[in-house]
Amino acid sequence: HTTFNVKQIRKDFPILKRKVNGKPLIYFDNAATSQTPQQVIDTIVDYYSNYNANIHRGVHALSQEATDAYEQARIKIQKHFNAAKAYEIIFTSGTTHGINLVANGFSSLLKKGDEIIVSALEHHSNIVPWQMLCESTGAVLKVIPMNTNGDLVLSEFDKLLNQNTKLVFVNHISNALGTINPIETIIEKAHKVGAAVLVDGAQSCPHIKPDVQALDVDFYVCSAHKICGPTGIGMLYGKEEWLKKLPPYQGGGEMIAEVSFEKTTYADLPHKFEAGTPNVCGGIAFGAAIDYMNSIGFDAIVQYEHELLVYATKQLQNIEGLTIYGTSEHKTSVISFNVGNIHPYDIGTILDKMGIAVRTGHHCAQPIMDFYKIPGTIRASFMFYNTKEEIDIFISALKKAILMLS
Ligand code: PMP
C-alpha cells in the first residue's frame with residue numbers, strides 16, 4: 001500500500017465481508033481484539049501445512065525451519081520496538097502474562113515499605129498483579145489520580161514519588177477512554193528516584209510504534225491480538241539488566257541450562273523466561289502481523305484513525321443526552337459514551353441486531369467507572385480498516401436504538 005486506500009485495505013480482512021443478523025458486519029470492538037488480515041491467516045495455514053514442529057531441540061529439517069521462523073519473528077519484533085537485543089524480547093501469551101511475569105519477578109526484590117505506583121486509568125490486568133505483589137511483599141500501592149477529561153494529574157504523580165518508589169506501572173493508552181498517557185514524562189520522573197517503569201502497550205501497539213530505547217522504558221508489554229495478530233501470543237520487552245536480575249517465572253523444559261536433582265542452572269535470555277513448548281505458530285504469526293502493519297505504515301494509520309475519531313465524535317456530540325467520557329486532547333480512536341439513563345447493554349444489544357459490534361460494560365477498568373459514578377459505557381473503537389460510511393450507519397442505528405429505548 002503506497003497510499004492509504006481503505007477500500008483496498010479492507011480486502012485484506014476476510015471477516016469484514018461477513019454478515020451479522022443479516023446486516024453487513026460493522027466491527028467497532030477493535031480495542032478488545034483487532035481483526036486478522038489474510039497475510040497473517042496465510043502464515044498460520046502455511047505453518048501448520050508445511051513445517052509444524054517443536055523448536056530448539058530437533059536435528060531434523062522441520063524443527064530447524066520452525067526454530068528459524070520463530071527466531072526471525074523475534075528479530076522482527078525487536079526491530080519494530082527498537083530493542084537493543086533480540087533476547088530482550090520474551091514471547092508471552094499476552095499482556096496479562098507479561099505483567100504477571102514481571103510482578104512475580106519483583107516479589108523477590110521488594111521489601112516491606114517499598115512503594116509501587118499505578119495510574120487511575122489502568123486495566124484490571126495492570127492492577128490486580130500489583131495488589132497481589134503488595135500482599136506478598138508488604139509493599140504499598142499508590143495511585144496517580146485522573147481528572148474528568150480522563151487525563152492523569154501529573155502534579156499529583158510528583159507528590160507520590162520518593163526514595164521508596166521501586167516501580168511505576170502505567171498503560172500507554174487507556175482501553176476504556178482512549179487517553180494517550182505522557183509516558184515519556186512519567187518514565188523520566190520515575191527514573192529520577194531510581195524506580196523502574198513498566199508500560200502496558202496493549203492498546204498502543206496498533207496505533208503507535210514505540211522506540212523502547214529512546215523511551216528508556218524498563219519493561220514494555222503487549223498482545224498480538226490487538227495488532228492484527230492471533231490470540232494467545234504477546235511479548236515482554238525488558239532491559240537486559242532487569243531480565244538478568246529477575247528470577248524465572250515458570251520452571252520446565254527450554255528454560256534450563258543443566259538439570260540434576262541437586263541443582264539446576266537456568267538458560268540464558270530469552271529462554272530463561274520461556275519454559276515449555278511455546279506458541280510457535282503464534283510467534284511467527286505475530287511477526288507477520290508486525291510486517292503487515294508496517295506495510296501500511298504507522299504514520300498513515302495514525303492520521304486516518306484520527307480522522308475517524310474526529311468525524312465520529314462530532315456526530316455523537318450532536319445527539320441529545322449523549323455524554324462522552326474521556327475528552328483528552330491526546331487520545332486515540334476510542335469513544336466511550338452513555339445516553340441519558342439508558343443502560344449501555346440495551347443499546348449494545350440493539351446495535352448487534354443491526355450488525356454493529358461495540359463493547360458495553362466496565363471494560364475491565366472498574367476504577368474509571370467508579371470515578372465517573374457509572375456502571376459502564378458503550379465503547380466504539382476504530383482501526384484503520386474502518387470507514388466514515390460505517391460511522392454514518394452506526395450513528396443512524398444508534399439514533400434508532402435511542403428512540404426504541406426512551
Ligand atoms: N491492558 C490493557 C490496556 C488492555 O486493553 C488489555 C486488553 N483489553 C490488557 C491489558 C490485557 O490484555 P490481554 O487480555 O491480551 O492479556
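**Close-up views of a predicted model**

**View 1. Strands β5 and β6 run side by side.** Strand β5, residues 115-119, runs parallel to β6, and five bridges join the two. I116 has L141 of β6 as its bridge partner. Two strands count as paired if DSSP finds at least two bridges between them. Strands (E, at least two residues) and helices (H or I, at least four) are DSSP runs, numbered from the N terminus. Residue numbers start from 1 along each chain as its sequence is written. The model is predicted: local features need pLDDT of at least 70, side-chain atom pairs count only at pLDDT 80 or more, and totals for chains, interfaces and linings use all residues.

**View 2. Seven strands form an open sheet of mixed pairing.** The order is β4-β10-β9-β8-β7-β5-β6. β4 (89-92) and β6 (140-144) stand at the edges with a single partner strand each, so one side of each has no neighbour in the sheet. From one strand to the next, the twist averages 20 degrees. Helix α4, residues 95-106, packs on this sheet. The helix touches β4, β7 (165-171), β8 (196-200), β9 (219-223) and β10 (234-238). Contact requires C-beta atoms, placed from the backbone, within 7 Å. The direction of α4 makes about 150 degrees with that of β9. Axes are lines fitted to C-alpha atoms, for helices over the stretch in contact; angles run from 0 to 180 degrees between N-to-C directions.

**View 3. Four strands form an open antiparallel sheet.** Their order is β13-β14-β17-β16. The edges are β13 (322-325) and β16 (359-361), each with a single partner strand, so one side of each is left without a neighbour in the sheet. Direction ignored, neighbouring strands are turned by 30 degrees against each other on average. Four bridges join β13 to the antiparallel strand β14, residues 334-339. Y325 has S336 of β14 as its bridge partner.

**View 4. Domain 1 meets domain 2.** Domain 1 comprises 6-30 + 297-405, and domain 2 comprises 41-294. These bounds come from an automatic or database domain assignment. The C-alpha centres of the two domains lie 28 Å apart. Domain 1 brings 22 residues to the contact and domain 2 brings 21. On the domain 1 side, α11 (298-317), β14 and α13 (366-372) each supply at least two residues. α11 gives the most, with four residues. By class, the domain 1 side has eleven nonpolar, nine polar and two charged residues. Ala, Val, Leu, Ile, Met, Phe, Trp, Tyr, Cys and Pro count as nonpolar; Asp, Glu, Lys and Arg as charged; the others, Gly among them, as polar.

View 5. Most residues other than glycine have a negative phi, and most peptide bonds are trans. P270 sits in the loop between β12 (264-266) and α10 (280-296). The loop holding H363 runs between β16 and α13.

Key:
Contact = placed C-beta atoms within 7 Å.
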